[in-house]
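Biologist: Could you take me through one part of this protein slowly, as I am new to reading structures? I would like a close look at the nonpolar core and what surrounds it.

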Amino acid sequence: MLRSLYAKLAAILLVLFVIVGVLALGITLYATEMYQQEVNQKLNKDLARHIVAEKTLMRDKLIDHVALQDVFHMLMVINPAIELYLLDSQGKILAFSAEPGKVKRDHVNLGPLEQWVNGVVQFPMLGDDPRDNSRQKVFSAAPIAHAGVLDGYLYIILAGEDYDGVTQMLAGSYILSASAWIIAGGVLLAIFAGLMLFAMLTGKLHRLALAMSEFKAGGLSEFSVSPERGDEIDRLTATFHDMAMQINAQTQRLERTDQMRRELVADVSHDLRTPLATLQGYIETLLIKDDALSTQERKEYLEIAIRHCHHLNKLVSELLELARLDALEVKPNREAFSLPELVQDIVQKYRLRANEKNITIEAQLHPDLPFVLADIALIERALENLIENALRYTPAQGHVVLQLEHNAQGVGVYVRDTGCGIPEEELPRIFDRFYQLDKSRNSSPGASGLGLSIAKRILELHGCAINVSSALLRGTTFSFQLPTH
């Protein structure tokens, strides 16, 4: 069964070349026959004229039977394939050299004869065959006239029935066999070349189909076709290779996302459970020991409960904010604004908190900074998260600096602190959700572990990358670039 593409193409090629071979053989035989007729007619074009000039076959419309029989006998001896017919001026057959009963026509169309006599000849010229009512053959003709009066025509068929037999014999023994062998050889050679070409083309498709089957059966780990830049099949192979690699990458990202989702659920559960448990514990203590607690103790318990409520509210808000950023619900509303003014406002906002921790916070601004093009609210949120992170890990007597510099990429923003620093092996993880250098989360109830993740996502929405460099006990620097207006 023709299930494979190669088998179908091979069958179509075979049928096509067989048809072409048969047509070529038929055309060859027809052209050979026409050529033989043309040569025969050219060689004997003056035969009838010479006979009429040599013999008086008719006078005053009366046939000279003795002269006619002499001509019949002479030509039959010289060339038995020739057939002679004596016609009157209207084309009626008066006498012929054939046996009785062989002649089927009683008239011959004079149109070709008149063209022949007048010299309007295009070889091979065909005239009616008296022995067949539907066939025409090459001829030679000459008018028979006496004293300027047309008595009739001498009409000679140059390829009679005997010649037909010889032609068929020659065609069967030489022309047909030689032409058939030549055409068959050419067809076989063309078929072989076509099959080799189809094998090359379908071989690529076969290998690609096998690779796809292996890819499907083996999941996303098997792929054995290397891409090549060439014809359409090579480009198809390269496209499939790129697609498979993209699917592999997307699957790996999905696996990582699923792993992060599980970790996020676990982290959220832990971070929500911790303040809830603390809040529940203090409220239950107030309910159980309400009569035994002093006013000062009751106030302390309520302040602790409120602090954990604030922490819980902040955690939930940041989770919702990060979820909106990840879901692309937030679109940056880019506008031109003065980044130094924004930095000054942020520094003033956090100066009181820094003073409470005995930390110096300041802004270092390069003069004549151009406007930047970004979402001012989102950039403010990212800078606040970076400053809160710096204040959290900077000890007393430390420094936090916001620095702006104009460079070839735009305006560089740097947030530096003199805190404890980050170990080098921990740097790739600091932007993960809920990641904290201090593994004891209960010791820092104000830290959610989401601030750096939110800042990174905000900058990614702006097409910016955030970089970090750190040295233990010397401090950490976060930096990014904003485009100028």
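Predicted model: local features only at pLDDT ≥ 70, side-chain atom pairs only at ≥ 80, totals over all residues.

Modeller: The largest nonpolar core has 46 residues. Those with the most contacts inside it are Leu339, Ile379, Leu383, Leu386 and Leu482. Several elements give two or more residues to this core, among them helix H7 (295–326), helix H8 (339–356), helix H9 (376–393) and strand S14 (475–482). The largest share, eight residues, comes from H9.

Setting aside neighbours within four places in sequence, Leu482 is in contact with residues including Leu339, Val372, Ala374, Ile379 and Cys464. Two of the names on that list, Leu339 and Ile379, also belong to the group with the most contacts inside the core.

Now for charged side chains. Lys349 forms a salt bridge with Glu384, and their closest N and O atoms are 2.7 Å apart. This pair links distant parts of the chain, with Lys349 in helix H8 and Glu384 in helix H9, 35 residues apart. Is Glu384 buried or exposed? Glu384 counts as buried because its relative accessibility is 9%, and the cut-off for buried is under 20%. In general, side chains of opposite charge can pair when their charged atoms come close. A search of the whole structure finds nine salt bridges.

Finally, there is a second, separate core of 20 residues, which includes Ile51, Met58, Leu75 and Ile82.

Methods. Residues numbered from 1 in each chain as written. Heavy atoms only, no water. Core = buried A, V, L, I, M, F, W, Y, C linked by side-chain atoms within 4.5 Å. Buried < 20%, exposed > 50% of the residue type's maximum accessible area, 1.4 Å probe, protein only. Helix = DSSP H or I, 4+ residues; strand = E, 2+ residues; numbered from the N terminus. Contact = heavy atoms within 4.5 Å. Salt bridge = Lys/Arg side-chain N within 4 Å of Asp/Glu carboxyl O.
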